[in-house]
Amino acid sequence: MIHQKGPSIQDTILATPLLSSTSTPSNSSGRSSSDTDDSLETSFRFGLENLNFKIPSSPISGFESYKSLAVLSGHIGSVSCLALCGEFILSASQGKDIIVWQQPDLRKFAKFGQGDGSVKALITAGNRVFTAHQDSRVRVWKVSRSSENVIKLVDTLPTTKDYLGKFMSQGNYVQTRRHHKRLWIEHADSISCLAFSNGLLYSGSWDKTLKVWRTSDFKCLESIKAHDDAINGLFSSKGVVYSASADGKIKAWGIEGKNKMHSLKGILDGHKDISLNSVVVSDDSKVVFGGGSDGYIMGWIGNQDMDSWRMICEVKAHKMAVLCMCLMGDYLCSGSADRTISIWKREMNGMLSRHMVIQGHEGPIKCLQASPTRVGCGFMLYSGSLDKSVRVWWIPSASSSLQITQKKCAYL
């Protein structure tokens, strides 16, 4: 039930500068991609739904369903990752194309992409966009305001300068498989995830390593043999980077010592022989959540030194694997191979209450992003799927007295 009338969604979404400085890094010289589509496209394909509904501006006291606002299509492959950049939504696909959608009308603003293989991860930092690819490279894009906000390729990691400084020394090569060596600055398999923190870019790969890049000059500073299996997810929080792996563990990494190198601070054990596909951390950095291939979401808390962790909750969230998660305040959103999105309310005692289940995608949910800007008494959620579409949802908040289908956590 809606208590008060509110503005339409088009009136409520706030436009902010493209790639604002609050997003998340830096500068280098390089060639621009001849494959990049620099034109500002005026043609686009999307379906708007329910734009005439009114968003409540006060907490709801009864159950209010989510709203499906738009279906964005145009990718030639499955949507693999999403990022928010001020008034823009960036979506990337396994077809290597990256589309920039402009709010509030959700028109296709630009399209760019370059490289071999699909785009596996996407993050933004200041006026830069970082993309990770199946060809084991990271690409850096810059928004040129002098060129009508055209996004141009400025560098590829590892950089040519980094290669030339290391390739002639035998000590810079590592064994990646039998009879095959690579420079330690190179990933030997697909890069699956990216994170950014304090001027450093982190890349996780199926080659089991975590690499650290300085964004001021794009130099590779470290290569860490982080896990015993593929790294599937990364998340940075207050100077600590968390890596989730198919080996069933989440590891916490922090900078220590005079040399400012990363070291292992703690290990969070999940279910035995179950891959962890995603990791997110609460705003206060006290709770770490992991999503598993068995459909469970697990939560851990650690001591002050982060060398001891305790699982405080585990809930069967989906019928199939949890593929992605995101947090919006007290709400945890999870996307699954079962084609559904679940919205969870975090409780003070560590419990998770199922707020609602969202249906609409025709394929597994591969990526989720929640907007930090409140819209009425709710928030915007964006989802990307293997059905090649991006969907836009409005998620209502619940009053403190509302409790929907509570799932109890098992305390250890």
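**A walk through the strands**

Let's start at a turn. Strands β5 and β6 make a hairpin, with 4 residues between them. Look at Leu106 in that turn: its phi is positive, about 60 degrees. One caution before going on: this is a predicted model.

β5 covers residues 98–102, and β6 covers residues 107–112. The two strands pair in the antiparallel sense, over 5 bridges.

Step back to the whole chain. How many helices and strands are there in the chain? The count is 2 helices and 32 strands. The chain has 412 residues, and 58% of them count as buried. Its accessible surface comes to about 17,600 Å². Carbon and sulfur atoms account for 48% of that surface.

Next, a second hairpin. Find strand β13, residues 191–197. This strand is mostly covered, with 7 of its 7 residues buried. Its partner is strand β14, residues 200–205. The two run antiparallel and are joined by 6 bridges. The β13–β14 hairpin has 2 residues between its strands. Asn198 sits in the turn, with a positive phi of about 50 degrees.

Now a sheet. Four strands form it, in the order β17-β18-β19-β20. The sheet is open, and the pairing is antiparallel. Which strands are at the edges? They are β17, 231–237, and β20, 261–269, and each pairs on one side only. From one strand to the next, the twist averages 25 degrees.

Zoom in on one pair in that sheet. Strand β19, residues 249–256, pairs with β20 in the antiparallel sense. There are 8 bridges between them. In β20, Ser263 is the bridge partner of Gly254.

Stay with the sheet, but move to β17. Ser237 is found in this strand. Is Ser237 buried or exposed? It counts as buried, because its relative accessible area is 9% and the cut-off for buried is under 20%. Now find Ser197. Ser237 and Ser197 are 40 residues apart in sequence. In space, C-alpha to C-alpha, they are 7.7 Å apart.

A word on cysteines. How many disulfides does the structure hold? The number is 0. Cys193 is buried, with a relative accessible area of 5%. Cys313 is buried too, at 1% relative accessibility.

Last stop, the surface. Turn to helix α2, residues 160–166. Leu164 lies in that helix. Is Leu164 buried or exposed? Its relative accessibility is 58%, so Leu164 counts as exposed; the cut-off is over 50%.

To recap, we had two hairpins on the way. The β5–β6 hairpin has 4 residues between its strands, and the β13–β14 hairpin has 2. We also saw an open sheet of 4 strands, from β17 to β20. Thanks, everyone.

Terms used: Residues are numbered from 1 along each chain as its sequence is written. This is a predicted model: local features need pLDDT of at least 70, side-chain atom pairs count only at pLDDT 80 or more; totals for chains, interfaces and linings use all residues. Side-chain values use heavy atoms; hydrogens and water are left out. A disulfide is a pair of cysteine sulfur atoms within 2.5 Å. Buried means under 20% relative accessible area, exposed over 50%, partly exposed in between (1.4 Å probe, protein chains only). Two strands pair if DSSP finds at least two bridges between them. Accessible areas come from the Shrake-Rupley method with a 1.4 Å probe; for residues, only the protein chains shown count as cover. Axes are lines fitted to C-alpha atoms, for helices over the stretch in contact, and angles run from 0 to 180 degrees between N-to-C directions.
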